[in-house]
Amino acid sequence: MAQAGDAPDGGAREAGQGRRRRSPQLGHAVCLATAAAGPGGSAAAMDLGPVTICGEATILHGGFLLASRLCHPKPLSELTKSDWCKVGKPITDALREICTSYSTYPPQPNAWKKKAIIILWSKILLTDTSSPSTNQRWKDDVFFSVSNMIPEVNHTILFELFKAVNAPRLFAQLLLVLPEPVCQRELEIFIKYVADETTPADASFFLDVWWEILKHKDGQEDRLALLFGAFSHQHLWDSDETPQVPKRFKSDTPSSPMAAALLPALMEGLKMIKENIGPTRMKCYALANLVDVLSVLLPAESKLALLPVQDYLDKISSVVTLWSRDCENRYNKRGLDEKVQEAERSVSLLNVARPYSNPLVGHMGFLCALLDEWSVELQGLLNNPHEICYESYRLLDSLASLEKNLTRCTKLENLDKELAQGMSELGEHIADFLKKINPLVSGNNSDSSLAASVAMVIIEKKMDRHVEMCSIFASEKNWASTKDWVACLIKNKELFQKPELVLKLLQTVASLGTAGDSAESQEQQAKATQVILDCYTELSLLDKNTVISGVLSVWGRQGLSGILKLFREGFPEELNLAFNQIIQSASGEGFKKAVASVSRLAILNPEATVKKMCNLAVANLGTHQFLAEILCSFPALNFKELHGQDECLGLMLGCLKETVVDKLSSAKDKEQFLEFLVCLMQPSGASPLLAPAEVTQNLVVPFLRSDFPHVELCLQILDVALKVSLPSDQHWIHTCHPFPLIFCLCKLLHEFTHYWHEPLDRHRYSLETKDLVASNLAQLCDALLVQKDSVSLEVWTQSVAWLHKKVEALDWTIGLRLKKVYGEHFKNEVPATLFEVCKLPEDDWTSRPVPAYGAGSGLLAWLECCCISTALREQMLVLLMVNMDNPEEVNLFSKGFLLAMVQVFPWCSQSEWRRLIHVIKSLLEREVLYVPYSLEYVQYLPLLNFQPFAYHLQFSVLLLRGFQFLCSSNGATWLPLEAWKHVARLYCLGLSDMLGSVKGIARCQWHPVEEKNVTRELSFVYIQMFCHTLHVAAMLPDGISEPLLLLSLEILSQYEMLCDADESLGRALRKANEKHFLESITQNVTDKELRTMLLQKLNKL
């Protein structure tokens, strides 16, 4: 008969559910199953099949009746070992008939084998105790109906039946579900039985049982074993405490503490039967059991580490190989799946740390004695390569393992001296023994192909360490070329949906290179790559980022496309299709789908994917935020390669840099790019992909020089980086070398001082960029001051001194912009002539030699200070010294101001020009600046109130006089053509702002009752502005007047609206006179195109 206990648990399904039912199910027969099912369970849930009176039970009953007759007059309950040969055949024949019958489909021979043994053992256990009454048993005992049919029996029949059906695993399973005292007692009875008149079969079965106990794990019992355990705990538990009914579960430590408690008794049993162990293979078996027990019982401070998974696989493969070669082995004829499952049990022994004591020394001495006694015989077998068997392999492996454990244990603290000495002696003994063994015999006995098959079985059967085995499976390059490997991967792909396994699979497939010429090999490789990508697709977003990081680290920016043609084929089409769909569904609903699409593209070719997204963010208006949020879902794309010790530009920043250089052709593109960059640094619903520090370090610092073509964009990038709010990283500015960065901005500002003196082909940016540079400098200084306390005073002082020394060589106005950074270290350094027009406090101000600022240049320096910042402008206005009681001084100041304004005006940016306009307004309102009204374009002076418009008229006249100086014969060649265009734009900006101010005053300051007066005053102001504008346009070089044309048209439009609203009585004559006057002025415009457009506008009035 086959061994019952060695069949898989699934083979233990109970009979009675097939085609032939010989007796009805009895409800009381499974009443105890509730306990076995656990709390809340039910008997029906256990589905144990009939253990009641049925055809199989009748056959078994008949076998015992025949055995009882053969034993007569001695009852079966007094049967001895020697009597079994006379009475055993009817019992075994009956059991064979039951197990080979076809009462169920499919046939389940092991089910009734187990039932029969359980029924006998339960009957014996109840016989040995004070059993309950028959009236009570038939209600409570699930086995009552069948066991009551069988005569009284003793342990002899039970043990011999176990031997006859060769079921050591079943014996161990049933033994270990008994209550602990009963378990110990039953094992002792078994050992005494085996030790009495020991036969080779007894010794072999004893060693098999011992081996099964060593391999036992709690939680693997089938339902019949659990039912037997429930029965025994109910009827045999001799304690006031509630019995702990066995339950089916799988704990973190599956090994059984009860099994470990039986080990000392088994060693004692070996001492009793060792003389009856004859064959050398059996002696190897016995010694291996003893060695494994000692390994389990050795003291340990902590749980022993698991065997490395590669060693674990090698051991299982070696065991399977030896079983396949050894025709005498019980597993020789089994299939590979069964062999692997059983071999896995054999390498996963008990791992229960037991309290050690002096008896352990005796057990170690016993091992030494056996090694000595059997040494010659053992060495003869172990050194013969032709007689290698599983028993010899296991002995050598166990001895080597024990030697290592003994070495480890001797190093434990607080170890008993006698025990330590015993361990040391045993370790030396084992080492001497192993030295006499040929190492080639004890090596690995398997090949790579078998290891691959074994690993696949472990994975497919999901055995204990199948998760770790997946790692080896994914890494072994020699296996990956086989058809079975691909099939296993496809069948178990859910086990490989982990980032580390996906990466290993990709590396393995990549190592194979291009598949062979055969269609089959190409097909297998294609299947494998598709499954791997499917596994990747199922990962969480966090795990996908892990894989992307790994791919970038191993294969660089081209990802998988750079290693295999399979990954490159169709990628451009997939890329375009995916992003066409993403752009069309740029909404919250399509976000998850878009992220999933990008995740696949990002692993195939990260660089191409990021470049595509950067280009789309610039080219498709309104998509930048959506695309940035998608990118922020993949922090792995901000990958930075290492070249030696240096970190090069990251993938994300590299693609952005390329976009800056090659893709931004228009102002709209740049605006979209900057918004995209802001979203990457400060997304609305995700973590930032880029930090302002790295953006500044990589896209600003290296290019912040006047000869870089895209310096203006770099300044805009710095501007948005400085404005990003990062409460968690306030110190980022210190990582960007802030003082050199400040100096770079200062140099750019310095170059604006001779902007119009340089050749036009050297201009990489407009003069308006000056405002951006100044703004960045101010923001940078403010950010640096906020973090001043995070830097040591010494470092700060040295840095400020370095900056001051560098800035000394630049234009003097730049130092004034750094006063916040300088603090008390340095005063404001200005030309000495500034002290002539300002009352500057000497605590904060000092003079410096500036050769270009000679006598009479004080007002020029003062105006330049006013242009720097609003705060400094207000301070200069307060500190200005003009003696208003001296008319000559006021006249001189006014003339000097006009000359200074003309010198400063062409170099002003728009912000500086507006500050200068504010200075003019303040001086005019305070009557410090005298600007006489011109009568050049006044036919008559109406008797009206021009007080609210005094500033506007004076300002227009002042600009006119300023341009008369600029355009005079002395100044005509002073500025290049581009500079004239710039001053024309500034003029238009000033008058446009003033035009808006005029309308505001007319709308807000005058009362409705006086509205009849507003029309004539406004008409006068508009006509004056129109005439002054045409005058300036006439003085400018050819080709510069276009902005002024637009301004004059705007003034006429305002005048037209005023005329349409005029309802006064004399309006017709006044309009006719004013129109005639305007036409006469316009006729003097030399530019024909400008003159024609203005006359057309006037004709519509």
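Modeller: Buried means under 20% relative accessible area, exposed over 50%, and partly exposed in between (1.4 Å probe, protein chains only). This is a predicted model, where local features need pLDDT of at least 70, side-chain atom pairs count only at pLDDT 80 or more, and totals for chains, interfaces and linings use all residues. Residues are numbered from 1 along each chain as its sequence is written, and side-chain values use heavy atoms, with hydrogens and water left out.

Colleague: OK, Leu-780 then: buried or exposed?

Modeller: Leu-780 is buried, with 0% relative accessible area. The residue sits in helix α37, residues 769–786 (helices are DSSP runs of H or I, at least four residues, numbered from the N terminus). Its C-alpha is 9.8 Å from that of Leu-745, 35 residues away in sequence.

Colleague: And where's Thr-280?

Modeller: Thr-280 is in helix α14, which covers 280–297. Thr-280 is buried too, at 18% relative accessible area. The C-alpha atoms of Thr-280 and Trp-374 are separated by 8.5 Å, though the two are 94 residues apart along the chain.

Colleague: Switching topic: how many disulfides?

Modeller: Zero in the whole structure, taking a disulfide as two cysteine sulfur atoms within 2.5 Å. For Cys-655, the nearest cysteine sulfur belongs to Cys-614 and is 5.6 Å away. Cys-655 itself is buried, at 1% relative accessible area.

Colleague: How many salt bridges did you get?

Modeller: The count is 48, where a salt bridge is a side-chain nitrogen of Lys or Arg within 4 Å of a carboxyl oxygen of Asp or Glu. One of them joins Arg-169 to Glu-212, with the closest N and O atoms 3.5 Å apart. Arg-169 is in helix α9 and Glu-212 in helix α11 (200–215), so that pair ties together parts 43 residues apart in sequence.

Colleague: Is Arg-169 buried or exposed?

Modeller: Arg-169 is buried, with a relative accessible area of 7%, and Glu-212 is buried at 2%.

Colleague: What does Lys-215 pair with?

Modeller: With Glu-342, and the closest N and O atoms are 2.6 Å apart. That one links distant parts of the chain: Lys-215 is in helix α11 and Glu-342 in helix α16 (336–346), 127 residues apart. Lys-215 is buried at 2% relative accessibility, and Glu-342 is buried at 4%.

Colleague: Which residues are linked in a network of salt bridges?

Modeller: Arg-169, Glu-212, Lys-215, Glu-342 and Arg-345 are linked that way.

Colleague: What about Arg-185?

Modeller: Arg-185 forms a salt bridge with Glu-186, and the closest N and O atoms are 3.9 Å apart. Arg-185 is partly exposed, at 32% relative accessible area, whereas Glu-186 is buried at 1%.

Colleague: On to the backbone. Which residues does the cis peptide bond join?

Modeller: His-72 and Pro-73, with omega about 10°. Pro-73 is in the loop between α3 (55–71) and α4 (84–100).

Colleague: What's phi of Asn-166?

Modeller: Near 50°, a positive value in a residue other than glycine. Asn-166 lies in the loop between α8 (155–164) and α9 (168–176) and is partly exposed, at 26% relative accessibility.

Colleague: And phi of Glu-927?

Modeller: Near 60°, again positive in a residue other than glycine. Glu-927 is in the loop between α45 (910–925) and α46 (950–966). Glu-927 is exposed, with a relative accessible area of 60%.

Note on methods: Helices (H or I, at least four residues) and strands (E, at least two) are DSSP runs, numbered from the N terminus.
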